[in-house]
Amino acid sequence: MTGPEDVSTESSDLELLRAAGCGSSKAFHQLVDRHAPRLFRSALAMTRSRADAEDLLQETFIGAFKGLKTFDGRSSVRTWLLSILMRQAAKSWHRTRHSRSARSIDADLEDQGALQEDSAMMIHCASESADQRMDFAAVLQQLPLHYREIIVLREIQQMSYEEMAQALQMPRGTVESRVHRARLLLREYLREYDPRGQSLRDTATG
Amino acid sequence: MQTCDECLLSAFADNELDAFTHQRVLTHVLACPRCAAALDDMELAREAAASWAPKDISPLELARLHRKIDSVAAAPQPQRMNGGLGAIGLIAASILVISGTWLAALPPEPSFTSRNTASAPQPWEEMAINLQVPLPPFGADDWPEDRIRLADAGFASWMVGSLERLPR
C-alpha cells in the first residue's frame, strides 16, 4: 500500500488523494498542480472576474483538503473536485445575489472593467453600424446558475453525462434535459449579437 | 425518432445515446430540416465554448493557492468529538435541558382545599342540572312550534344568565 510519502508524479489521482488523507502534504500539492489549471478555467467561467475565480479555486481546494476523508471513490477525483467547485460557486452566488443588480448583456459590454481581465474569446459580429465584440464569458454570466454549471461541465470540462450527474448529484435524465435547455438559452444569447441572424460560423474568430 | 424530440438532439450531438437510439436520431435528422438546423445551431454554440481561451492560471496565482493551502493545513484543527458518543451525549443533554425547562414551566397542581371547593357545584351548574325545559327529541319535525320556542328560549336565557354570573 502506498505510504504517505511514497508518491511521485506518476502516482494516480486516487493514490495521491489517499496519501494526502494520510497526512502527506506533498501528495496534496501534487494534486493541486495536476488539477488547478483545468479547474481554474471552470472557475473563470463561473465567476465575473479573475480575482473571484482565484478565490473560488482556493475555496475549492481548501474544501477538498478538509474533506479528504469524505471521498468515497464512487467518482473520479476530478469529478469530485468539480462537484466541490460547483457547490462553492453556488454558495458564493447565493451570498452575493442580493448585492447583484440586474445586468443586461449590453450593460456588461459597456462596463468591460467588471469582466474578465484577459480578453477571452471575442466573437466579431458584423452589424450595420459597427463591429460588436462579445465576450463569451460575459454571455455565460447571463445564464442562470444551474445552466451555467451545465455548460461549464459539458463544453469546457468535456464531461460525460454520467460524470455530470455525479458531479451535480442529479439523475442523468435531468442532466440531459438541462444540457439541451442550457444550449438553447446560450444560442439565444449568442444570437443577440447577430440580429440579422447571420451564421456565427462566418463571423467567429479563433 | 418520428417526431422532433429536441432533447435527444443534444445527447445525439454529444454521442451520449445508445447505438440503437443514435441510429434512429441520425435517420430522422437526415430527413428533418428543422432538426438539422437545430443541430447546426448547437454546433455553433459548442464551437464558441470550445474556442474560448482565457489565460491559464499564472505561476503567481498557483503559488498563492499553495500558500493558502499550507496556511490552512498549519492552522490548529478543532478537536472533534468521538463521532457517535459525542452525538449521543449531545442529544441526551438537549433532552434533559428541554425537559427541565418544560417541567419548570408547568402550572402548579391545584391544592386539596381548592379541589374541595371546586367539587361543590357552581350556581350555573346547579341551574343547568335543574333546568326543567324539555328539549325536543332528536330529529323530531312535528314538535309543537311553541314548545320548540320555549326550549330554545329557556336554553338561551340559561346560557346568558350563566355568563353574567361568571366572575370577571
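A residue counts as buried when its relative accessible area is under 20%, as exposed when that area is over 50%, and as partly exposed in between (1.4 Å probe, protein chains only). Keep that in mind as you click through this predicted model, where local features need pLDDT of at least 70, side-chain atom pairs count only at pLDDT 80 or more, and totals for chains, interfaces and linings use all residues. Residues are numbered from 1 along each chain as its sequence is written, chains are lettered from A and ligands numbered from 1 in the order in which they are written, and side-chain values use heavy atoms, with hydrogens and water left out.

**Stop one: A:Q141.** Select A:Q141 in helix α6 (residues 136-142) of chain A; helices (H or I, at least four residues) and strands (E, at least two) are DSSP runs, numbered from the N terminus. Is A:Q141 buried or exposed? A:Q141 counts as buried because its relative accessibility is 10%. Its side chain reaches the backbone oxygen of A:A45 at 3.1 Å. Now show the contacts (heavy atoms within 4.5 Å): leaving aside neighbours within four places in sequence, A:Q141 touches A:L44, A:A45, A:M46, A:T47, A:R48 and A:R148.

**Stop two: the core.** Next, colour the largest nonpolar core, which has 76 residues. Such a core is a set of buried Ala, Val, Leu, Ile, Met, Phe, Trp, Tyr and Cys residues joined through side-chain atoms within 4.5 Å. A:F28, A:F61, A:L140 and A:L186 have the most contacts inside this core. Helix α2 (residues 25-46) of chain A gives the most to this core, with 11 residues. Then pick A:L186: beyond its neighbours within four places in sequence, its contacts are A:F136, A:V139, A:L140, A:L143, A:I151 and, from the other chain letter, B:A45.

**Stop three: A:E176.** Move to helix α9 (residues 172-191) of chain A, where you will find A:E176. Which residues does A:E176 contact, leaving aside its neighbours within four places in sequence? They are A:Y161 and B:C7.

**Stop four: B:L103.** Finish in helix α5 (residues 83-105) of chain B by selecting B:L103. B:L103 counts as exposed because its relative accessibility is 52%.

**Zooming out.** Show chain A as a cartoon and look for 10 helices and 2 strands. Of its 206 residues, 51% count as buried.

Note on methods:
Polar contact = N/O pair within 3.5 Å; in protein donor to acceptor, adjacent residues only side chain to side chain.
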